[in-house]
Amino acid sequence: MGETPVRVCPGATLQVGAWSRTAHLTSVVPPTSTGLDQHHRREPNVIIKNVTVIDGTGGADLPAMDVRIADGRFEDIRPSAADPARAPSGDDGEVVLDGGGGYLLPGLWESHTHLTGFAMSLPEAERLPHIQRAMAGYLASGITSVCDLGGSVTQSRTIREAGRVGGTAASLFFAGPVFTSVQGWPLSFHGERSMAVEVGDVDEAHRQVEKLLDQVDFVKCIFDGKPRGGERLPLAALEAIIQAAHGAGRKVLVHVATGTDLREAVTAGADCIEHSFVPEDPADASEAEQIAALLAETGTLYCPTLVTWEQLGRSGDPAYLDELVADGISSAEDAAAIAARPFWGMPFPHHPADESQTRFDYAMRTLPLFHEAGVKLVAGSDIAMAMPTPGSALLRELQLFTKAGLPLSEIIATATGRAAEKIGKRDVVGTVTVGAVADALLLDADPLADISHLIDPRHRRAVISSGRLI
């Protein structure tokens, strides 16, 4: 973010964006850790006065509240004191911030990305620093948690540890290598063995998943039955992986391609379906209606990654870059830099542009059906090939949800509490509720009135990570 996080104590004026906050600054101390098991460290207690709380559960907002943070967690949320004499003063060594009638919501989550993919084209010595900068960029964008859905366990641990030491990066949760079929996707694309485990039968599934379970936060499987896409992970192997993971208390996220893949993955016990599917008939919404009913009935979460298909379907299209500029996702300078990238406009293996555009159009048209059916939608972006930063890809996903017609309260839930639920962390993080880890975003305008209030950095007044003011 370009700034050292500060520890504030009573006695000076702290500037947060354009607001003046009554808080006393005595030292500049870099924090020592980040993350969920990384979240606990001694920081001054913080009270944020006079804010509307949007708690990330999809419920009604709570106006005129005071929120107290202690030991990195939300300790109390109560109506602001009507009597100024009873309002928190900071006399007990607490930091008191006047929210000025702003809006406090949970820190955003990027629930589907691949950090290694951001840096794979770079020389090996440059990859880790590049990823670390991306993690800092996420936090600067109000994204306090990132889920990596396929990469090296060793590298993920290194990134997480660097976040602990530096204190300016989003918290990282990771799957380690994905489970795929023999020479399946994505090995058929990049061949990077640290990012994927090949499974050909049930016995191999048992052996491989048992080796991984105590090293990861959740499990990711590739269950891709696209024509000409190679053999699919055997269904019995997928079932074995899910059973073993659930026995160890781990959620299983399943990448699908077709509607058949999706239905079989749900029956096998998948906790979340990753990616919208290739429709059998793009003109017929009945397949979406049937799948929405299935997901709602089983309680399976659904992460459509709309922005993935938008980028792949429109790669090389100058009008797309112009649209991103007009929508506030990119600047004109960003667009020029993206157009100069070597892979801009190049065919992407396994996902042809016309098919990707079909997936995008169908998903955008039918997404309201999933919401109306009660499907628990989750926000995740996957790739950022046409985005100025990885964090902006998640913001574009939220913008696309709006364009598809989802209510703003639902959209915020998809990128906060619902995303934490996806990996089994909803009970401790992802909401502004008493006892939850204090990851939050403070805005000066209502994100339930206009998505731009959430996306435009000019409305972002502060990011709070584990109770620490950034």
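Strands here are DSSP E runs of at least two residues and helices are H or I runs of at least four, numbered from the N terminus. Two housekeeping notes before going on. This is a predicted model, so I kept in mind that local features need pLDDT of at least 70 and side-chain atom pairs count only at pLDDT 80 or more, while totals for chains, interfaces and linings use all residues. Residues are numbered from 1 along each chain as its sequence is written, and side-chain values use heavy atoms, with hydrogens and water left out.

**Strand β5 and its sheet**

I looked up both neighbours of β5. Strand β8 (residues 95-106) pairs with β5 in the parallel sense over seven bridges; strands count as paired if DSSP finds at least two bridges between them. Strand β6 (residues 62-70) runs antiparallel to β5, joined by five bridges. On that side, V46 has I69 as its bridge partner.

How buried is β5? Six of the eight residues in β5 (residues 46-53) are buried, so the strand is largely enclosed by the rest of the structure. Buried means under 20% relative accessible area, exposed means over 50%, and partly exposed is in between (1.4 Å probe, protein chains only).

Then I traced the whole sheet. It is open, has seven strands and mixed pairing, and reads β7-β6-β5-β8-β18-β19-β20. The edge strands are β7 (73-79) and β20 (468-469), each pairing on one side only.

D55 sits in the loop between β5 and β6. A salt bridge needs a side-chain nitrogen of Lys or Arg within 4 Å of a carboxyl oxygen of Asp or Glu.

I did find a polar contact between the side chains of D55 and T57, at 2.7 Å. The cut-off is a pair of N or O atoms within 3.5 Å; within protein, one must be able to donate a hydrogen and the other to accept it, and residues adjacent in sequence count only if both atoms are side-chain atoms. Leaving aside neighbours within four places in sequence, D55 is in contact (heavy atoms within 4.5 Å) with P106, G430, T431, V432 and T433.

**Salt bridges**

How many salt bridges does the structure hold? I have 22 in the notebook. I picked out a few.

- R232 and D261 bridge with closest N and O atoms 2.9 Å apart. This pair links distant parts of the chain, 29 residues apart: R232 is in the loop between β14 (219-223) and α6 (235-247), D261 in helix α7 (residues 259-268). R232 counts as partly exposed at 25% relative accessibility, whereas D261 is buried at 1%.
- R359 and E355 meet at 3.9 Å, N to O. Both lie in helix α12 (residues 353-373), four residues apart, about one turn of the helix. R359 is buried at 0% relative accessibility, and E355 is buried at 18%.
- E75 and R68 have their closest N and O atoms 1.8 Å apart. E75 is partly exposed at 42% relative accessibility.
- A network of salt bridges links E310, R314, D317, E323, D327, R396 and K403.
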